[in-house]
Amino acid sequence: MRKIIAGNWKMNGKLENLLEIKKISNEFALSEIEIVICPPFTLLSAASEIAKNIYLGAQNLHPESEGAFTGEISADMLVDLGITHSIIGHSERRTEHNETNELVARKVNISLNKKLQTIICIGETELQRKENRTLEIIEQQLLDSLASNITFEKLIVAYEPIWAIGTGLIPEASEISKIHNFIRVKLVELFGSNASNIPLLYGGSVNGSNAPEIFRVANVNGALVGGASLSFEKFAPIIRAIENTDP
Ligand code: PEP
């Protein structure tokens, strides 16, 4: 199974921060981990000049290929630049930009069709968790955001409990285990036994200290990291943690 560490810089990063990408690129030149950094769109072009042994991803894309969509970026444009990954349906986009499962499904489709490694984010709110609705919400998000006829070879699923994003809170390892196993079962139900190869990432307040325990959980094949991906000093220990985890 591939192991993936993806960093989501969100709306952070100026030209001077390209140095962090350079450091990661140099430090992990020989790593077998799939390291992905998703800086803001403004840095992608410059980042692609220096990211030699790591991948670059986009934090969003438009569901159409081109046209009169002011301010938007298409999958074609990203591919043109040599970008290999995308993040679709992050909770911040679902909340702040009213992205529905239906829109997320359209974005996933075009992203996969354009051969981008596509990280789809799913996860419950704090209230849904308190109401014991986590599995129900996750199942619904999977069913509604993934068409049954997609080519899932480049699909990556990130479980990101919304209450854990940027809060310093993380679920117990047993909870992560239960939910990742559930996602695995649902993906196999949807797509057949080959879906057991779809990498499952955990996301939400991952750091160098909690990463080793998270990566020991079965069916956790990596992490989607926000805050701790912004600096080499915080991101590198997470990559080392997964390098040191038995397969
Ligand atoms: C995220 O936004 O995808 C995320 C996981 O953020 P953080 O690591 O900061 O919780």
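Q: What makes the charged end of R129 count as sitting over the ring of W163?
A: In this predicted model, the charged end of R129 lies 4.0 Å from the centre of the ring of W163.

Q: How many aromatic pairs does a search of the whole structure find?
A: The search finds 2 aromatic pairs, where rings pair if their centres lie within 6.5 Å.

Q: Why is helix α5 called oblique to helix α7?
A: The axes of α5, residues 101-113, and α7, residues 134-145, cross at roughly 50° and come within 8 Å. Angles under 35 degrees count as roughly parallel and 65 to 115 as roughly perpendicular, whereas the rest, apart from those over 145, count as oblique, and therefore α5 is oblique to α7. The crossing in which α5 passes α7 is right-handed.

Q: Which residues of α5 and α7 meet, and how do they divide into nonpolar, polar and charged?
A: On the α5 side they are N101, E102, V104, A105 and V108, and on the α7 side Q140, Q141, D144 and S145. This contact of α5 with α7 has 3 nonpolar, 4 polar and 2 charged residues. E102 and D144 belong to the contact, and Asp and Glu count as charged.

Q: Why is helix α1 called roughly parallel to helix α2?
A: The axes of α1, residues 18-27, and α2, residues 41-50, cross at roughly 30° and come within 10 Å. Since angles under 35 degrees count as roughly parallel, α1 is therefore roughly parallel to α2. Here α1 passes α2 in a right-handed crossing.

Q: Which residues make the contact of α1 with α2, and what are their classes?
A: From α1 come L18, I21, K22 and S25, which meet L43, A46, A47 and I50 of α2. The residues of this contact divide into 6 nonpolar, 1 polar and 1 charged.

Q: Where do α7 and helix α8 make their contact, and at what angle do their axes cross?
A: The axes of α7 and α8, the latter being residues 173-191, come within 11 Å and cross at roughly 35°, and α7 passes α8 in a right-handed crossing. The contact involves T134, L135, I138, E139, L142 and L143 of α7, together with K178, I179, F182, I183, K186, L187 and L190 of α8. By class, these residues are 9 nonpolar, 1 polar and 3 charged.

Note on methods
Residues are numbered from 1 along each chain as its sequence is written. This is a predicted model: local features need pLDDT of at least 70, side-chain atom pairs count only at pLDDT 80 or more; totals for chains, interfaces and linings use all residues. Side-chain values use heavy atoms; hydrogens and water are left out. Rings of Phe, Tyr and Trp (its six-membered ring) pair if their centres lie within 6.5 Å; planes under 30 degrees apart count as stacked, over 60 as edge-to-face and the rest as tilted. A charge sits over a ring if NZ of Lys or CZ of Arg is within 6 Å of the ring centre and within 35 degrees of the ring normal. Axes are lines fitted to C-alpha atoms, for helices over the stretch in contact, and angles run from 0 to 180 degrees between N-to-C directions. Helices (H or I, at least four residues) and strands (E, at least two) are DSSP runs, numbered from the N terminus. A crossing is left-handed if the near helix is turned anticlockwise from the far one by less than a right angle, and right-handed if clockwise. Contact means heavy atoms within 4.5 Å.
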